[in-house]
Every structure is written in structure tokens, then in C-alpha cells.
Amino acid sequence: MGAPSALPLLLLFACCWAPGGANLSQDDSQPWTSDETVVAGGTVVLKCQVKDHEDSSLQWSNPAQQTLYFGEKRALRDNRIQLVSSTPHELSISISNVALADEGEYTCSIFTMPVRTAKSLVTVLGIPQKPIITGYKSSLREKETATLHCQSSGSKPAAQLTWRKGDQELRGEPTRIQEDPNGKTFTVSSSVTFQVTREDDGANIVCSVNHESLKGADRSTSQRIEVLYTPTVMIRPDPPHPREGQKLLLHCEGRGNPVPQQYLWEKEGSVPPLKMTQESALIFPFLNKSDSGTYGCTATSNMGSYKAYFTLNVNDPSPVPSSSSTYHAIIGGIVAFIVFLLLILLIFLGHYLIRHKGTYGCIRCKMSYTREKMYTAIHVKELDHQQIG
């Protein structure tokens, strides 16, 4: 009789204590968290929540299973770890100045029956160091091949390197990856090879590191290169259209690296050369027709020489106005001005007379009528005197 009566008790005990014994109670008492990613040196917040706490407290522990906080009580003396929030349904803590060693799986536990846990994987990003460029030793000659190397350490995961020349992208070798001695971060490197031209003189070759920890911020290093090339020359006249009798300067404008140190002036058909000097200008104090011709300027530097030509045509001198013609021009201007004023005056006077023509005629009529009356009165008086006589 005893054995059958004990069986229901054992079944009830197994139902209550088995992990899946009460589904509703287990679901509501299961805590939940989220994985977090943080940049080394930053701050990460670990948040654990539960719906039904069953009168128990939440606890956070680190990857080494050391308890960090049990409810609102600090368990590990690490001033970087602080309490953010502690309620029956939530336990949140923060870890500041995060190091690579802090990476791992953190556990949130609630001491119900049975104990329930939730995991939060914390990923720490290693910030890559500023890249270093090597391989450039001295000036390069035009059309030589340059090879530069770039390296950056401390990234996690491994960063990527890119090259550019000014705004132009350079195709470098694929990024090489090597694990650092700490076993957590990586050193990345890359090389680029290109042929230089004279346009590359003074250009900046830039190596940039791309990594999610930088959040779009630029982290790059540049190397300015110098390219040596033969000079080029252009002859510029001053004034542009010279005339006979003027002073003329022919400027031999040389460009190169290094800049030309010597200029040789020649005129076709003339021997020996006109001038050899460190100054680039050929000066004609007073131009003559005989100075017309083709001139050549040869600019020379350590990298070589270059010659340019210019054809000089001396124009006739500009006509110089005499003093008498200047006097006549002034008098003519004054006379023309007076005539203009008289013309304006005549126009206004004619307009005035046209407007007042009617009024002037009426005045003449009245004067004639008055004279006739006076003549009539005088005649009447004379007749009266004759009759009286």
C-alpha cells in the first residue's frame, strides 16, 4: 500500500522541479540581455531584464565568473564598474575605460528555482594606430619607379589600408595581416609601386587606415615626394607689341626641378651668342628695325637643357603729335562747342516765338486802332476850328 501512495508524490516533485515543469513560470522568469560592441577606451552598458523576478535578485558576473553586482550591492572592487539601475525587474551596470581584456561573455543570473541565466557577448574594438609610411629616401628622377610601404598596428579586427596620390586613388598591394604579440590585435601593412612624372613633383602620397572603430574619422599619413625633371622654357616679350625706339625685354621663363641656373641667348644668323648669364631677360634699350629676327633662349640645369624660339618684328614708331597740331585741335574744339551752344539757343528762341506769335499780332492790332482814333479826333478838332473861324 505504501509504494503506490508514494508514486503520485514523486511525479508531483519531478513536475515542479524539472526545468520544463511550469512553462508559464519559466518563460516569465527568464532574464534577457543583448550583445554589445564597444571601442577600446569607451564605456559599455550591460542591461538585464526579467518579467517575473519571483522575489529574487538579478546578478551580473564577468567572463571569469566573478560577481560584479548582486542587485544594488557591489561585489567586485573595480571603480570602472558602476551601477546604472537596480529594480526588481532590471539590473544595469556600466564599464568605463574598456580594455581589450574586458572582452568576453558576461552572465546575468536570477536565483529562482532553478537558477536562470542570460548571456551578453561584449566585443571590444581595437583602434588602429596612425599609419607609418617608409621607403622614400630622396628625390626621384622623372620616369623612375617609386615603392612605398605603409603599416598600422593595434586594430581589432584587422583594419584595411588604402593609397591615394592627391585626389587620385592608387592601386596598392592587398593588405597583409599579422597578429600582434598580445594575441588580440593585428598589424596590417601594404605597399604601392608607381612611376613618377614631373606632375608628381610636390605631390602627397597618402596612406589611410579604414576601421569600424574610427566611425568615419580620417586616420592617415602623407609623404611628400620630390621629382627632378628637365626644364621647359617660354619667351615672353614686354611690351607685347614692341615699336621702334621703345625699350624691350625678352623674358626667358624657365620651369624645372631644379630651376635653370644658366640662360644662353642667340639670334639666328648672328655669331657668337648674344648673351650667357644667370639672368633670364634679354634687354633692348632702344629698338631698331635691325633688331628684328628670330631669337633663341636655351635654359640649362643639372637635369638638362631646353631651347625656345621667338620671332621679333619691330613695328614702325607711333606717330608723335606736334605742338601746332595740338593747338589747332584745342581751338577747333572750342569753336565746335560755341557753335553747339548757339544752335541750342536758336532752337529755344524759335520755339518761344512760335508759342507767342498770336499774342504779338493782337498787340499790333490794338496799336493800329489807337492810332486811327487819334487821327480821327485830330481831324474833327481841325474842322471845328475852321467853322468857328
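**Ground rules**

I am working on a predicted model, in which local features need pLDDT of at least 70, side-chain atom pairs count only at pLDDT 80 or more, and totals for chains, interfaces and linings use all residues. Residues are numbered from 1 along each chain as its sequence is written, and side-chain values use heavy atoms, with hydrogens and water left out.

**Pocket**

I looked up the largest pocket. A pocket is an open set of points on a 1 Å grid over the protein atoms alone, where a 1.4 Å probe fits and protein lies on both sides within 12 Å along at least five of seven lines; lining residues have an atom within 4 Å of a point. Its volume comes to about 150 Å³, counted as the space filled by probe spheres set on the points, with grid points joined across faces, edges and corners. I found Trp163, Glu169, Arg171 and Ser190 among the lining residues. Strand 13 (160-165) and strand 14 (168-170) each give two or more residues to the lining. The largest share, three residues, is from strand 13.

**Whole chain**

I counted four helices and 25 strands in the protein chain. Of its 389 residues, 32% are buried; buried means under 20% relative accessible area, exposed over 50%, and partly exposed in between (1.4 Å probe, protein chains only). The chain exposes about 25,100 Å², with carbon and sulfur atoms supplying 57% of that; the areas come from the Shrake-Rupley method with a 1.4 Å probe, and for residues only the protein chains shown count as cover. I also checked contacts (heavy atoms within 4.5 Å). Among those with a separation of 6 or more, 61% link residues 24 or more positions apart.

**Cores**

Next I went for the nonpolar cores, meaning sets of buried Ala, Val, Leu, Ile, Met, Phe, Trp, Tyr and Cys residues joined through side-chain atoms within 4.5 Å. The largest one has 20 residues, and Leu46, Leu58, Trp60, Ile93, Ile95 and Tyr106 touch the most other members. At least two residues of this core come from each of several strands, including strand 2 (44-49), strand 7 (90-95) and strand 9 (116-125). A second, separate core holds 19 residues, Ile133, Ala146, Val196 and Ile225 among them.

I traced an open sheet of six strands in the order 1-9-8-3-4-5, with mixed pairing; two strands pair if DSSP finds at least two bridges between them. Strand 1 (36-39) and strand 5 (73-74) are the edges, each pairing on one side only.

Strand 3 is covered on both faces: Leu58 and Trp60 on one side, Gln59 and Ser61 on the other, all buried. Four bridges join strand 3 to strand 8, and the two run antiparallel. Three bridges, also antiparallel, link strand 3 with strand 4. Gln59 sits opposite Ser109 in strand 8, and its bridge partner in strand 4 is Phe70. Strands 3 and 4 make a hairpin with five residues between them, and Gln65 in the turn has a positive phi of about 65°. Further out, two bridges join strand 4 to strand 5, which run antiparallel, with Phe70 partnered by Lys73.

**Val122**

Is Val122 buried or exposed? It counts as buried because its relative accessible area is 2%. I placed Val122 in strand 9. It touches Glu36, Val38, Leu46, Glu103, Gly104 and Tyr106, leaving out residues up to four places away in sequence. Val38 is 84 residues apart from Val122 along the chain, yet their C-alpha atoms are separated by 7.5 Å.

**Four-stranded sheet**

I found another open sheet, order 11-19-20-23, with mixed pairing. Strand 19 (residues 227-238) and strand 20 (residues 248-257) pair antiparallel over eight bridges, and Ile235 stands opposite Cys252.

I noted a cis peptide bond from Met113 to Pro114, omega near 5°, with Pro114 in the loop between strand 8 and strand 9. Asn257 and Pro258 are also joined by a cis peptide bond, omega about 0°. Lys143 has a positive phi of about 75° although it is not a glycine; this residue is exposed, at 62% relative accessible area.
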